[in-house]
Amino acid sequence: MKFKSIAIVGLLSSCLAPTQLIQAQMNRAENGFNLKYNMESTTQLTTAEAISTAVDNPLLAGWKGAFGGTPLFDLVKVADFKPALESGMAERLSEVERIAKNPAAPTFENTIAAMERTGRTLDRVQAVYGVWSSAMNNAEFQLVEREMSPKLAAFSDKITQNEALFRRIEAVYNSPAKSRLTSEQQRLTWLYHTNFVRAGARLKPDAKMRLSQINQQLAGLFTRFSQNQLADESERFLVLKSEAELAGLPQSLRDAAAEEATAKKMPGAWMVTNTRSSVDPFLTYSDRRELREKAWKMFVNRGDNGDAHDNNAIITEILQLRAERAKLLGYPTHAHWRLDDKMAKTPERTMKLMEAVWKPAVARVREEVADMQALAKKEGADIKIEPWDYRYYAEKVRKDRYDLDQNEVKQYLQLDKLREGMFWVAGELFNFNFTPVTNVAVYHPDVRVWEVKNKTTGKHIGLWYFDPFAREGKSSGAWMNAYRNQERVDGSITTIVSNNSNFVKGKPGEPVLISWDDATTLFHEFGHALHGLSSNVTYPSLSGTSVATDYVEFPSQILERWISTPEVLQKFAVHYRTGKPIPQNLVDRIERASAFNQGFATVEYLSSALVDMKMHLAGAQKIDPDAFERNTLAELGMPSELVMRHRTPQFGHVFSGDGYSAGYYSYIWSDVISADAYDAFVEAGSPYDKAVAERLRKYVFSVGNTIDPADAYRAFRGRDPKIEALMRKRGFPVNDSKKAKPTPAKSKAKSR
Ligand SMILES: [Zn+2]
C-alpha cells in the first residue's frame with residue numbers, strides 16, 4: 001500500500017479541502033457497517049478475475065497514449081467506479097498477501113520495495129475517482145461515494161492490520177542490514193514502520209477490530225459531512241430582484257450574478273450563491289447593509305440550520321470516535337496522535353506559535369475596526385461595525401488610505417496572462433518550459449493541458465492539467481492534485497499534476513479578470529504543482545507533495561511571492577484593453593497596502609485553527625460544537641466584528657476527513673517557513689537569484705519526503721526558520737514572538 005498515492009492539496013482560502021474527500025475514500029467507513037461482509041466482498045475476486053473485468057471496464061485499463069499514458073477521462077461512466085474500485089482493492093490485497101506470505105526472509109527489496117509496487121490499478125482508479133469526487137460530483141456519484149467510503153476504509157485497515165506483513169516490515173526496520181540501504185530506502189522503511197504502528201499494527205486483535213469499526217464509522221460521517229456542506233452551498237442562495245438591490249456591485253459581479261440566476265432558471269434576476277467566491281465579493285461591494293447581513297448569515301450558517309443537512313450531531317460523533325481511537329492507539333488525544341508524525345511534533349508547539357501571533361493580530365483588528373468605525377461615521381452611517389460590514393468598510397479604508405481600488409487592480413489581472421506569468425517564473429526558477437497539448441482526454445471542456453519540459457534539454461518532465469472555472473458539482477476553493485506521482489522503482493515514470501480553482505467565467509470572448517487575492521491563490525496552487533513537477537525520487541510514497549501537512553504549504557506559499565516581483569508585473573500584469581503594463585505608482589500602492597487588513601486575515605484564520613486544535617485536545621467528553629465554539633472564542637477574546645474563516649459546522653478541512661484535523665495550524669506553521677525562506681532571496685538581492693533558486697529546488701522542491709523536512713530546510717537555509725519574517729510580512733511587531741518558531745525536535749526518523 002502506498003500511503004499517499006493521490007496527493008490533493010487544499011488551500012487556506014478554500015472552504016473545503018478536497019484532500020479530505022479523497023482521504024475519506026481511502027481511509028474509512030459507515031455506521032452499522034458489517035466488517036464480515038466487506039471482507040468477503042473485496043477478497044473474493046481473484047487477481048485473474050479482476051484483470052478479466054478490465055475488458056468491460058475502462059477504469060481498469062492501463063492509461064494509454066503519449067507521455068507514458070494519461071487518464072482515460074473520456075471513457076468514464078459513474079457506474080464503473082464501484083466495480084473498478086472493488087477490483088483494484090482485490091488486486092492490491094492479493095499482491096500484499098503474496099508479500100506477507102513470502103517464505104523468503106524479509107528484506108527491503110522483497111517487502112518494502114515490493115509494497116511500493118502494489119496497487120497500480122487501484123492508484124489509477126482512485127486518481128479518476130478523486131476527480132469525480134472533487135470536480136464532477138453529482139447525485140449519482142454521491143451514492144457511489146456513500147457506499148464505497150466505508151469499504152475503502154476497511155480495505156486500508158486490512159493492510160495495516162496484516163500481522164504477517166507488519167512482522168516483515170518490523171524485521172526490515174530493525175535489521176542491521178538497514179544501515180547499508182540508501183538514505184531514501186531507510187526513510188521509506190521508517191515511513192512504513194511508523195505508518196503501520198500509527199495505524200494500530202501493534203494492537204491486540206479485539207482492539208484492531210474496534211479500530212477498524214471506528215475508521216469505517218468515521219468514513220461514513222466524513223462523507224455525510226461534506227455532502228451536507230455541498231448541499232447547503234448549492235441549494236441555498238440569495239436572489240436579488242431589482243437594480244436597487246445591486247447597489248455598489250461592480251459590473252463583473254452583476255454579470256456573474258445574472259448568469260447564475262439564468263442557470264437556476266430565474267432569468268431577469270441576479271443570484272448570490274452560497275459559496276465563498278460569490279459571497280465574499282458581495283460583502284465587499286454591496287451598499288445594501290441588510291442584504292449583506294442576509295448573505296453573511298446564509299454563508300456562516302452552512303451546516304448549522306437545524307435541518308436535514310445540519311452537521312452538528314455528526315461533529316459530536318466524529319470527535320468522540322476520534323478521541324476513542326487516539327486512546328486505543330496510546331495517545332492522550334486525537335491532536336497528540338495527529339501531531340506525532342508532523343514537523344511540529346506536539347500540539348503544545350503549535351499552540352505556542354498560534355498564541356504568539358494571536359495577540360498582535362487581535363490588537364491589529366482593534367485598529368482596523370477603529371479605522372472603519374471612523375470612516376463610517378464620516379460618511380454619516382450611525383452603525384457599529386458588524387461582521388457583515390467588515391469587508392465592505394475594509395475596502396473603503398483601503399481606497400481611502402492607500403488610494404487602492406481592487407477594481408482598478410483587477411483590470412491588469414487577466415487569468416490567461418497571469419498563467420503565462422507563472423510559466424515564466426517556473427522557467428526562471430526551475431528551468432521548466434510549458435507547451436499546450438491537445439492529444440489527451442479531459443473530463444470537462446474547461447480543462448486544458450500543458451506539457452512541461454526541461455527548458456535547456458527538452459526532456460519531458462510531466463503534464464499540468466488546469467481546471468480554472470466554477471461549476472456545479474465542483475468543490476469550492478482551490479487545490480492541486482497528482483493523478484500520477486513521479487517515481488523510478490521500475491523505470492522512470494513522470495508525474496501528472498493538476499490545478500483547480502473556481503474563477504467565475506467572464507462573458508464569452510472577453511478575458512477573465514481576477515482579483516489580487518485570486519491571483520495570489522493561482523500562484524499558490526501552482527507552487528504545489530511545481531512541488532510535484534520538481535520531484536526527483538525513487539519511491540512513489542515519498543514523491544512530490546507527499547510530505548507532512550505542516551510542511552506541504554511551504555512550497556506553495558513561497559511561490560505566492562513571485563506575483564509581486566517587478567518582472568512578472570511588467571510583463572504579465574497588462575491592462576485588458578490597452579495592453580499597457582500596470583503603472584509603477586499602482587504597484588507602489590499595492591506594495592504599501594500589502595500588510596493592510598492582516599489583522600482580519602490572521603484572526604479569522606487563527607480562530608479556526610485554535611478551535612480545531614482545542615476541540616481535538618478536549619478528549620472524550622461529549623462536545624456540543626456550537627457551545628464549544630462559542631466558549632472557546634470567548635476565552636480567546638475573539639473580536640465580535642468577525643467570525644472564524646470556517647465555522648465548525650462547515651469546517652471541511654477538519655470534518656470531511658482526518659487530513660487537516662488538528663492540522664489547520666499547518667498554514668501558519670508553513671508560512672513562518674515560507675516567509676523566512678523568501679528572505680533568502682531578499683538577502684541575495686533578487687527573487688530570481690540562480691544560486692538560491694537552485695538550493696530551493698535541490699533541498700525543498702525535488703526531495704519529496706526522502707529527507708526529514710527540518711533537515712531539508714536547514715540544508716536550504718543553513719539554519720532553522722525564524723518567526724520574524726512572518727511578523728514583518730504581516731505588519732506585526734516582532735518582539736513578543738521570539739520563543740515560538742517552528743524549530744522542530746529532531747526527527748525520530750533513523751534515515752541518516
Ligand atoms: Zn496550499
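Predicted model: local features only at pLDDT ≥ 70, side-chain atom pairs only at ≥ 80, totals over all residues.
Visitor: How much of the chain is buried?

Guide: Taking buried as under 20% relative accessible area, 64% of the 752 residues qualify. As for the accessible surface, it comes to about 27,700 Å², with 52% belonging to carbon and sulfur atoms.

Visitor: Which secondary structure elements does the chain have, and how many?

Guide: There are 30 helices and eight strands. To see how the chain is tied together, look at contacts with a separation of 6 or more: residues 24 or more positions apart account for 77% of them.

Visitor: How should I read the two faces of a strand?

Guide: In a regular strand, side chains alternate between the two faces of the sheet. Take strand E3, residues 270-273: Trp 270 and Val 272 lie on one side, Met 271 and Thr 273 on the other, and all are buried, leaving both faces covered.

Visitor: Which strand is joined to E3, and by how many bridges?

Guide: Strand E2, residues 237-240, runs antiparallel to E3, and four bridges join the two. Within that pairing, Val 239 has Met 271 of E3 as its bridge partner.

Visitor: And where do the charges sit on average?

Guide: Compare the mean positions: those of the 100 positive and 92 negative charges are 4 Å apart.

Terms used:
Residues numbered from 1 in each chain as written. Heavy atoms only, no water. Buried < 20%, exposed > 50% of the residue type's maximum accessible area, 1.4 Å probe, protein only. Contact = heavy atoms within 4.5 Å. Areas by Shrake-Rupley, 256 points an atom, 1.4 Å probe, with all protein chains shown as cover. Lys, Arg positive; Asp, Glu negative; His and termini not counted. Charge placed at Lys NZ, Arg CZ, Asp CG, Glu CD. Pairing = 2+ DSSP bridges.
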